[in-house]
Amino acid sequence: MFDLNQTLIEGRLGADPEIRQTRDGGTWARFRIAQTPQRFNRDTGQYEQAGATLWLNVVAFKYAARVAATLHKGEAVIIAGRLQGEEWEKDGQKRQSISLVANDIMTRPRPEDGPSNGGRGHQGQAQGGYQGQPQGQQGQAGGWGAPQGGSQGDPWATAPSDIPPF
């Protein structure tokens, strides 16, 4: 049987990560993230909470732990990893929990950073984000090599601006 246990979640840190050392000198981190579903309310033009907040324990090793060491409470992150269950007994009752073992951690760009800064990935390098027009595409009729035209309200009908239409 095919075993697929991959999770991608976006959320905010509930506290600064706790950084620890393994017996052999490796680094690992433990922290919690909160993920609250939201929906766009067309009447108010605002996003609103659309359900209960999910708190998820995250454990990170190796490179992901180094990235986690740079994070702070309230920071928005996207984490890829696998779910891992744990069972134990306390006061005669069986208990269990689920944690996310992080393979990769990336910070989500903050709105005040603007559209071109992207997020931080491993060792703080820029990841993703809109970087402007490719070289050699400026000044063409429709921009991006596309002809100009289209209906009113079509975001692809006009020449590109500094902000992508999506």
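Tutor: The chain has one helix and ten strands; helices (H or I, at least four residues) and strands (E, at least two) are DSSP runs, numbered from the N terminus. Along the sequence, their order is β-β-β-β-β-β-α-β-β-β-β. The model is predicted, so local features need pLDDT of at least 70 and side-chain atom pairs count only at pLDDT 80 or more, while totals for chains, interfaces and linings use all residues. Residues are numbered from 1 along each chain as its sequence is written, and side-chain values use heavy atoms, with hydrogens and water left out.

Student: What percentage of the residues in the chain is buried?

Tutor: Buried means under 20% relative accessible area, exposed over 50%, and partly exposed in between (1.4 Å probe, protein chains only). Here, buried residues account for 23% of the 166 residues.

Student: How many aromatic pairs does the structure hold?

Tutor: Rings of Phe, Tyr and Trp (its six-membered ring) pair if their centres lie within 6.5 Å; planes under 30 degrees apart count as stacked, over 60 as edge-to-face and the rest as tilted. The structure holds two such pairs. One of them, Trp28 with Phe61, is stacked, at 6.3 Å centre to centre and 25° between the planes. This pair links distant parts of the chain, with Trp28 in strand β3 (residues 27-35) and Phe61 in strand β6 (residues 54-61), 33 residues apart. Trp28 is buried at 17% relative accessibility, whereas Phe61 is partly exposed at 39%.

Student: Why is the pair of Phe40 and Tyr47 called edge-to-face?

Tutor: The planes of Phe40 and Tyr47 stand at 65°, with ring centres 5.1 Å apart, so the pair counts as edge-to-face. Phe40 is partly exposed, at 44% relative accessibility, and Tyr47 is exposed, at 58%.

Student: Which backbone angle deserves attention in Lys62?

Tutor: In Lys62, a residue other than glycine, phi is positive, near 50°. Lys62 lies in helix α1 (residues 62-68) and is exposed, with a relative accessible area of 66%.

Student: Where is Asp91 found, and is Asp91 buried or exposed?

Tutor: Asp91 is found in the loop between β7 (76-90) and β8 (93-107). Asp91 is exposed, at 73% relative accessibility. Although not a glycine, Asp91 has a positive phi of about 55°.

Student: How are contacts across the chain read?

Tutor: Contact means heavy atoms within 4.5 Å. Among contacts between residues at least 6 apart in sequence, 49% join residues at least 24 apart.
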